[in-house]
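Q: Please take a close look at the aromatic rings in this model. Which ones pair up, and how do they sit against each other?

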Amino acid sequence: MSVAGLKKQFYKASQLVSEKVGGAEGTKLDDDFKEMEKKVDVTSKAVAEVLARTIEYLQPNPASRAKLTMLNTVSKIRGQVKNPGYPQSEGLLGECMIRHGKELGGESNFGDALLDAGESMKRLAEVKDSLDIEVKQNFIDPLQNLCDKDLKEIQHHLKKLEGRRLDFDYKKKRQGRIPDEELRQAMEKFEESKEVAETSMHNLLETDIEQVSQLSALVDAQLDYHRQAVQILDELADKLKRRMREGSSRPRREYKPKPREAFELGEPEQPNGGFPCATAPKVTGSSSFRSSDKPIRTPSRSMRSMAEGAALLGGSGEQGWGAASAPPAAGQVEARTLRPPPAPLDQPSCKALYDFEPENDGELGFREGDIITLTNQIDENWYEGLLHGQSGFFPLSYVEVLVPLPQ
């Protein structure tokens, strides 16, 4: 910054301190300018809040919105053109109905009705997606452009005007000690900034009919959505009523219980008065188990650890059993496989606490206990990692970080 620029900044700061602390009065702007500035400020706040509420109206689930934003960010980083859409609640309900309708089968009236309702819910989700796209193009994007361009430009002019006012007031109070030419230039710059800011605010307020047309586009999109939704629901209601009539006209099948098998009570042979135990069925030669085979006994955890410790020290399995008790009979020692020790954690990694099934492209699925190599942190809730040669992202709440990523 040049010396003249530093001096101007010093003038502005001195004048601001004298007004805030010393109570000095600066140049007053006319009432029309102040009224116009107030209307612009109200318009700016209204547009920002309406934008936020419209997005909440179209996408009411905050968790899904956050996940969608994260997925869109990852898609941009990876250069992917197609981004996943918002999971509409009608679509999720429709998938649930269709899944259970198929499980119930075609012989179930309720199952067929669930299939009809599920297809209608999926059609409603498609119509809702069309509403999202239309509202975004004709309402959200124009208002966002108004915030990013026109209102931002007005704020820039007002800020510049305030700086030039402070510079002019500082020099005006020191008239006589400051050259008249410098004072005249400061006054001209102040008047010029005031005129530019006033013009930009006037143009915004006089063209607010554009915002009315954008609001009309929002209402038209909602009307179109509700018309299609009513048509889909009317068709569904007719199908369900027809199924009710058909089901009511069908003769009901009577329930015929199966005859009970005769059960003869014999003399009790048990000392406690209970019934004798049924004899074990005879095992034929085609059975998977032979009568001479014996079940393999599973040693307790303490015995298993002693046996494994003996094996790791170079002893045989029988020596490990002998350290705790007498060696078991032949054929009763369980065949044990020692799990190899995990590899040393010399790189950023985490351990899966739960199973995670991927639902979107780019997500990394894993099972409880898997060790995942960390490669990147997307945000405070999502990581990107590598498992079995596959890369993807996953939620932090499903894992325990063993070795964190370097800061």
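A: Start with a cluster: ring pairs link Tyr354, Phe356, Phe366, Phe394 and Tyr398. The model is a predicted one.

Across the structure, the count comes to 6 aromatic pairs. A pair of aromatic rings is described by two things, the distance of the centres and the angle of the planes. Keep both in mind for what follows.

Take Phe168 and Phe190. Their ring centres are 5.9 Å apart, and their planes are at 5 degrees. Planes under 30 degrees apart count as stacked, so this pair is stacked. Where do the two rings come from? Phe168 is in helix α5, while Phe190 is in helix α6, which covers residues 180–206. The two are 22 residues apart, and the pair links distant parts of the chain. Both Phe168 and Phe190 are buried.

Tyr354 has 48% relative accessibility, so Tyr354 counts as partly exposed. Tyr398 has 29%, so Tyr398 is partly exposed as well. The phenylalanines of the stacked pair, in contrast, are buried.

Along with α3 (62–78) and α4 (89–104), α5 (109–173) supplies at least two residues to the lining of the second largest pocket. That pocket has a volume of about 570 Å³. Its lining has 19 residues, and the closest to the centre are Gly85, Tyr86, Pro87, Gln88 and Leu92. Helix α3 gives the most to this lining, with 5 residues. Sorted by class, the lining has 8 nonpolar, 5 polar and 6 charged residues.

Last, the cysteines. A disulfide is a covalent bond between the sulfur atoms of two cysteines. The structure holds 0 disulfides. Cys147 has 19% relative accessibility, and the limit for buried is under 20%, so Cys147 counts as buried. Cys350 is buried too, with a relative accessible area of 0%.

How values were computed. Residues are numbered from 1 along each chain as its sequence is written. This is a predicted model: local features need pLDDT of at least 70, side-chain atom pairs count only at pLDDT 80 or more; totals for chains, interfaces and linings use all residues. Side-chain values use heavy atoms; hydrogens and water are left out. On a 1 Å grid over the protein atoms alone, a cavity is a set of points where a 1.4 Å probe fits but cannot get out, and a pocket is an open set with protein on both sides within 12 Å along at least five of seven lines; lining residues have an atom within 4 Å of a point. Grid points are joined across faces, edges and corners, and a volume is the space filled by probe spheres set on the points. Helices (H or I, at least four residues) and strands (E, at least two) are DSSP runs, numbered from the N terminus. Ala, Val, Leu, Ile, Met, Phe, Trp, Tyr, Cys and Pro count as nonpolar, Asp, Glu, Lys and Arg as charged, and the others, Gly among them, as polar. A disulfide is a pair of cysteine sulfur atoms within 2.5 Å. Buried means under 20% relative accessible area, exposed over 50%, partly exposed in between (1.4 Å probe, protein chains only). Rings of Phe, Tyr and Trp (its six-membered ring) pair if their centres lie within 6.5 Å; planes under 30 degrees apart count as stacked, over 60 as edge-to-face and the rest as tilted.
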